[in-house]
Amino acid sequence: MTAISKTEKPFIFRFIDARPKVLLELTNATEQTVKSIEILTVFLKDEETPGGGPSQTHIKFDAIKSMQPKETAVLSHRTWINGMPANDARDQMARLKVIAGEVNPYVLDISWEDAEGKARFQRIPVGH
């Protein structure tokens with residue numbers, strides 16, 4: 001069994017345009033089964049307050065119990081605005097899409113357990 005090094009990137013992601021929402025697809029690029037995969041809530045910068053303000057919008061992802069080697073999963077998520085769940089028309093996931101040449105102001109902080117039960121982490125810059 002091979003161990004995942006700290007510099008290895010075990011997860012590959014892509015965004016899927018599934019109108020009216022954008023979805024996040026995550027792939028386990030390793031040769032190991034991983035468990036308890038979670039992405040921390042992403043708090044989005046306030047676009048309505050001049051000069052910025054406290055985040056009024058965040059995106060919360062559902063956890064995945066496990067992923068087999070090379071398995072792909074589409075993560076469920078919910079956008080919250082001012083403490084209320086947003087409908088599909090107000091979903092903010094598109095703000096996490098990567099645009100070439102643009103600054104990536106957000107990150108997907110992913111945690112999981114490896115085959116030995118050790119907690120592991122990966123940080124993926126996203127957004128525009």
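**Close-up views of the predicted model**

**View 1. A29 is found in the loop between β2 (21-28) and β3 (34-39).** Strands here are DSSP runs of E, at least two residues long, numbered from the N terminus. The model is predicted, so local features need pLDDT of at least 70 and side-chain atom pairs count only at pLDDT 80 or more, while totals for chains, interfaces and linings use all residues. Residues are numbered from 1 along each chain as its sequence is written, and side-chain values use heavy atoms, with hydrogens and water left out. A29 has 25% relative accessibility and counts as partly exposed; that class lies between buried, under 20%, and exposed, over 50%, with a 1.4 Å probe and protein chains only. Leaving aside residues up to four places away in sequence, A29 touches K9, P10, I12 and K70, where contact means heavy atoms within 4.5 Å.

**View 2. P69 is in the loop between β6 (64-67) and β7 (72-75).** P69 has a relative accessible area of 29% and is partly exposed. Not counting residues up to four places away in sequence, P69 touches N28, T30, E31, Q32 and T33.

**View 3. The backbone has particular angles at P20, S36 and N82.** Most residues other than glycine have a negative phi, and most peptide bonds are trans. The peptide bond from R19 to P20 is cis, and its omega is near 10°. P20 is placed in the loop between β1 (11-18) and β2. S36, in strand β3, is not a glycine but has a positive phi near 50°. With a relative accessible area of 36%, S36 is partly exposed. N82 is likewise not a glycine, and its phi is positive at about 50°. This residue is found in the loop between β8 (77-81) and β9, and at 53% relative accessibility N82 counts as exposed.

**View 4. Q92 is found in the loop between β9 (84-85) and β10.** Q92 counts as buried because its relative accessible area is 18%. Its side chain reaches the backbone oxygen of R90 at 3.0 Å, a polar contact (N or O atoms within 3.5 Å, one able to donate a hydrogen and the other to accept it). Beyond residues up to four places away in sequence, Q92 touches L44, T57, I59 and T79.

**View 5. The largest pocket has a volume of about 180 Å³.** A pocket is an open set of points on a 1 Å grid where a 1.4 Å probe fits, with protein on both sides within 12 Å along at least five of seven lines; lining residues have an atom within 4 Å of a point. Its lining includes Q92, R90, N82 and L44. The lining residues divide into two nonpolar, four polar and six charged.

**View 6. The largest nonpolar core has 24 residues.** Such a core joins buried nonpolar residues through side-chain atoms within 4.5 Å. F11, I37, F61, M93, L96, L108 and I110 touch the most other members. Strand β10 (residues 106-113) gives the largest share of this core, four residues. L108 touches L24, I39, V42, F61, L96, Q122, R123, I124 and V126, again not counting residues up to four places away in sequence.

How values were computed: Points joined across faces, edges and corners; volume = space filled by probe spheres on them. Nonpolar A, V, L, I, M, F, W, Y, C, P; charged D, E, K, R; others polar.
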